[in-house]
2 protein chains.
Amino acid sequence: MTRICLTIEYDGSDYAGWQIQPNAVTVQACVEAALERVVGSPVRLYSSGRTDAGVHAAGMKAHFDVETLLPLSAYREGVNRALPSAIVIREAVVVADNFNARFDACGKWYQYQIYRSNIRSPLHRRISWQLGNALDLDKMIYAAQFFVGKHDFNAFRSSSCVSETSVRELYSFEIVEDGEMLLFNVRGRGFLKNMVRILVGTLVDVGIGRLAAETVEQLLLDGSRQDAGRTAPAHGLCLMDVWYEKM
Amino acid sequence: MTRICLTIEYDGSDYAGWQIQPNAVTVQACVEAALERVVGSPVRLYSSGRTDAGVHAAGMKAHFDVETLLPLSAYREGVNRALPSAIVIREAVVVADNFNARFDACGKWYQYQIYRSNIRSPLHRRISWQLGNALDLDKMIYAAQFFVGKHDFNAFRSSSCVSETSVRELYSFEIVEDGEMLLFNVRGRGFLKNMVRILVGTLVDVGIGRLAAETVEQLLLDGSRQDAGRTAPAHGLCLMDVWYEKM
């Protein structure tokens, strides 16, 4: 048995998220089907995590096992020929037999894009949240610093999140201006359901004056979901990278 | 009668180009239908030019006439509500009764995007030509300078181009690196059919060594279409702006 780890990029616009589910087209189902055509038997993928419907990825990681190892290019070029244009295998590497894409992950980098414009933009609509409101960037950058470090993010997870603990550690939270685009780079050890989208939605509420920056600090101490900001839409989010100590 | 000029942005991916035609969904047909819903009677749009199937626009211009002038926001917000998400009216302004979006244009700015990567990228696939080849940028920049000025671009137009003269004037031709993306900014008074796409395709052939940079100079003197490079694909091209002396 040989274990292989894939790096996968996808435009999530037309998919019901990563995870396989009945009666919906998901990224995992597409990649497993393409792998089966190359491997010759059913393949089960174990990913670093799920992404919501509409969320994109530049560097999703997922591992699977094969009995007979083919040249690695087969799991890249070969599988890519069987994949739709919205999904691609960027890399395929052999990893240790006990490597686990989910449990061995040291960290993840998510990027959220906000396009600031009073008029919706067809050319940016698939990859960014379009906001006409004037945003107070200084206040947002100030509030974002409270998120960095180890905190109880209970106020910043979906009410349907089933994780036992809501304590998570964020390594950094950077906000960058790039013309009309505003980039939120969020790096952390792990994330709760909808967490990045609620963090960004809360910062937007700070940016338009609906929430005070200090409220964010308080929410990390004793907040519940209804006290935090809205959930930013899925299509502005992209899982950029997942990294491991050894791979 | 009042004449109005629109600035229109669209993602051309799923359209058979700008110009209205039977049995195909075109941008012009969509905008005219949306205008008719707001104006209350059929509207004919006169654009600054056509764009090919798959080509995008950030600033297409087109004029039309109305008998009864509504508040200008009706031609923007009102029409936008009747348009699909891939098309938007960015601006609507009243112009002189004799203004003509095509014949009064002083210049146009086209941008072509090449994404340099050995692996196709789902997240960039709609707006860029993906090329795995290593490109010699210095040679391409050198060759591009021959295009600037007034020349006979006969070698750089589609064989189905029906324009009487093939003499055109380019104001500038700039190539900019932006990470893995290569941006071609082309400004000129007017363009022949497929001209920007053939100019870019020819520069790519120079960049990979299939054509000598000096050949470009010769092609402007006595070239025919088969001597120039290939036609770059439509989806990498975007009409950024059209400008006028008075508007």
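This is a predicted model: local features need pLDDT of at least 70, side-chain atom pairs count only at pLDDT 80 or more; totals for chains, interfaces and linings use all residues.
Student: By what rotation is chain B superposed on chain A?

Tutor: Two copies of a chain are related by a rotation about an axis and a shift along it. Here the shift along the axis is 0.0 Å, and the superposition has an RMSD of 0.0 Å. The two copies are thus related as by a two-fold rotation axis. The rotation that superposes chain B on chain A is 180 degrees.

Student: Which C-alpha of chain B is nearest the axis?

Tutor: The axis in question is the one that relates the two copies as a two-fold rotation. In chain B, the nearest C-alpha lies 5.2 Å from this axis, and it belongs to R126(B).

Student: What percentage of the interface residues of chain B are also interface residues in chain A?

Tutor: The copies meet through the same surface.

Student: With which side chains of chain B does the side chain of R125(A) make polar contacts?

Tutor: R125(A) is placed in the loop between β5 (105-116) and β6 (129-131) of chain A. Setting aside neighbours within four places in sequence, R125(A) is in contact with Q130(A) and H235(A) in chain A, and with D11(B), S85(B) and A86(B) in chain B. One polar contact, of 2.9 Å, reaches the side chain of D11(B). Another, of 3.1 Å, joins R125(A) to the side chain of S85(B).

Student: Is S121(A) buried or exposed?

Tutor: S121(A) is also found in the loop between β5 and β6 of chain A. Not counting residues up to four places away in sequence, S121(A) touches Y115(A), Q130(A), E9(B) and R90(B), while its side chain makes a polar contact of 2.9 Å with that of H124(A). A residue counts as buried under 20% relative accessible area. The value for S121(A) is 1%, so this residue is buried.

Student: What span should helix α1 of chain B have?

Tutor: Helix α1 of chain B covers residues 27-39, which is 13 residues. The expected span is 1.5 Å times one less than the number of residues.

Student: Which residue caps the N-terminal end of α1(B)?

Tutor: At the other end, α1(B) is followed by G40(B), whose phi is positive, near 95 degrees. At the N-terminal end, a side-chain oxygen lies 3.2 Å from the backbone nitrogen of A29(B). That oxygen belongs to the capping residue, T26(B).

Student: What covers the buried residues of α1(B)?

Tutor: The buried residues of this helix are V27(B), Q28(B), C30(B), V31(B), E32(B), A34(B) and L35(B). Among them, C30(B) has a relative accessible area of 17%. The cover includes, in chain B, β1 (2-10), β3 (56-66), α2 (72-81) and β4 (87-95).

Student: How many disulfides are counted over all chains?

Tutor: A disulfide is a covalent bond between the sulfur atoms of two cysteines. The cut-off for the pair of sulfur atoms is 2.5 Å. The total over all chains is 0 disulfides; C106(A), for example, is in none, and the nearest cysteine sulfur, that of C5(A), is 13 Å away. C30(B) is likewise in none, with the nearest cysteine sulfur, that of C238(B), 17 Å away, and the count is 0.

Student: What kind of aromatic pair do F64(A) and Y75(A) form?

Tutor: The count of aromatic pairs over all chains is 23. F64(A) lies in strand β3 (residues 56-66) and Y75(A) in helix α2 (residues 72-81) of chain A, 11 residues apart. F64(A) is buried at a relative accessible area of 1%, and Y75(A) is buried at 0%. The ring centres are 5.7 Å apart and the planes meet at 70 degrees, so the pair is edge-to-face.

Student: How many residues apart in sequence are the parts tied together by Y171(A) and W243(A)?

Tutor: These two residues form a tilted aromatic pair, 6.5 Å centre to centre with 40 degrees between the planes. Y171(A) is partly exposed at 33% relative accessibility, and W243(A) is partly exposed at 28%. Y171(A) belongs to strand β8 (residues 167-178) and W243(A) to strand β10 of chain A, so the pair ties together parts whose separation in sequence is 72 residues.

Definitions and conventions: Residues are numbered from 1 along each chain as its sequence is written. Chains are lettered from A and ligands numbered from 1 in the order in which they are written. Side-chain values use heavy atoms; hydrogens and water are left out. Buried means under 20% relative accessible area, exposed over 50%, partly exposed in between (1.4 Å probe, protein chains only). Helices (H or I, at least four residues) and strands (E, at least two) are DSSP runs, numbered from the N terminus. A polar contact is a pair of N or O atoms within 3.5 Å; within protein, one must be able to donate a hydrogen and the other to accept it, and residues adjacent in sequence count only if both atoms are side-chain atoms. Contact means heavy atoms within 4.5 Å. Copies are superposed by least squares on the C-alpha atoms of residues with pLDDT of at least 70 in both. Rings of Phe, Tyr and Trp (its six-membered ring) pair if their centres lie within 6.5 Å; planes under 30 degrees apart count as stacked, over 60 as edge-to-face and the rest as tilted.
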